[in-house]
Amino acid sequence: MKRDGHTHTEFCPHGSGDKVEAMIEKAIGLGFTDYSITEHPPMPTAFEREIANSKEEVATAALQWDQLDAYFKKAHEVKQKYSDQIRIHVGLEVDFLPGFEADTRALLREYGSQMDDGVLSLHFMPGVGGWRFIDFSAPDFEAGIWKHYGNFAAIQKAYYELIRESLFADLGAAKPTRLGHISLCQKLQHYFPEHETAIKGEARQQVSHLLQDIKARNYQLDWNTAGLYKEYCKEAYPPLDIAKEAHSLGIELVYGSDAHSLADVGRGYDDIEKSL
């Protein structure tokens with residue numbers, strides 16, 4: 001099996017607009033046998049009102065509610081179209097939104113029957129003025145997250161507490177059982193070269209405890225190569241030492257390109273496969 005467990009489509013508002021058919025055909029050409037389409041679902045309107053970023057920035061995060069049915073229709077069409085060449089899995093990259101679990105349960109109740117895969121991710125944390133993107137831009141991270149917590153160790157502590165909370169959250173029967181890019185808080189680490197930003201000390205202990213819980217609950221980990229190509233990250237999510245620890249525990253690591261464009265499909269697969 002050669003599997004990509006985390007990809008996006010032309011429906012993604014912060015993607016390239018490249019058609020999912022072209023992305024699938026590239027995956028077939030690269031020898032992938034399994035390909036998961038995991039688009040960002042709409043966020044609860046009440047949660048959007050609590051995000052401190054502008055409405056224009058928030059609108060780039062996920063599908064709108066009137067796009068969701070069209071997304072699933074397209075995903076299942078391509079699943080059937082390419083069924084004799086590759087196994088397509090259809091799902092969502094579900095955001096963990098603390099305090100809005102009932103909204104997520106309602107979403108998954110309605111659409112869970114159309115899903116056979118998915119990723120559970122964390123893209124927002126409490127910050128200056130309300131909820132803030134973790135990964136929007138370096139200046140936004142500095143203004144909204146760094147200034148709220150004061151240092152990277154405090155950011156990591158809060159971030160991994162939320163990741164652990166997501167693992168145990170009651171989101172219903174269709175809750176994804178693969179945690180997405182669990183070190184996303186490191187995406188902008190090299191933007192702060194004068195500060196210690198590595199996952200060390202208490203944060204590293206948190207991660208080890210988290211891995212034990214992931215193993216106990218028989219969850220998977222998205223081994224996401226997108227960070228390798230980010231200017232201020234330069235490592236996979238999670239980085240190699242954490243991936244090796246997860247592997248040693250018997251946690252299944254599922255390669256994820258997190259492809260938002262044709263160029264992203266398959267990126268980094270050979271490098272991380274060889275690293276274990």
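Trainee: Is C185 buried or exposed, and at what relative accessibility?

Mentor: Buried means under 20% relative accessible area, exposed over 50%, and partly exposed in between, with a 1.4 Å probe and protein chains only. C185 has 1% relative accessibility and therefore counts as buried. Please note that this is a predicted model, in which local features need pLDDT of at least 70 and side-chain atom pairs count only at pLDDT 80 or more, while totals for chains, interfaces and linings use all residues. Residues are numbered from 1 along each chain as its sequence is written, and side-chain values use heavy atoms, with hydrogens and water left out.

Trainee: How many disulfides does a search of the whole structure find?

Mentor: A disulfide is a pair of cysteine sulfur atoms within 2.5 Å. The search of the whole structure finds zero. For C185, the nearest cysteine sulfur is that of C233, 9.3 Å away. C233 is likewise in no disulfide, and it counts as buried at 1% relative accessibility.

Trainee: How many salt bridges does the structure hold?

Mentor: Side chains of opposite charge can pair when their charged atoms come close. A salt bridge is a side-chain nitrogen of Lys or Arg within 4 Å of a carboxyl oxygen of Asp or Glu. The structure holds 15. One of them joins the side chains of R3 and E252 (3.6 Å, N to O).

Trainee: Which parts does the pair of R3 and E252 tie together?

Mentor: Helices (H or I, at least four residues) and strands (E, at least two) are DSSP runs, numbered from the N terminus. R3 lies in strand β1 (residues 3-4) and E252 in the loop between α9 (240-248) and β9 (253-256), so the pair ties together parts that are 249 residues apart in sequence. R3 is buried, with a relative accessible area of 18%, whereas E252 is partly exposed at 40%.

Trainee: Which residues are joined with R3 and E252 into one network?

Mentor: R178 and D117 meet in a salt bridge of their side chains (3.0 Å, N to O), and both residues are buried. Salt bridges that share partners join R3, D117, R178 and E252 into one network.

Trainee: What is the nearest side chain of opposite charge to D95?

Mentor: Lys and Arg count as positive and Asp and Glu as negative; His and the chain ends are not counted. D95, found in strand β3 (residues 87-95), is buried yet has no salt bridge, and the nearest side chain of opposite charge, K187, is 13 Å away.
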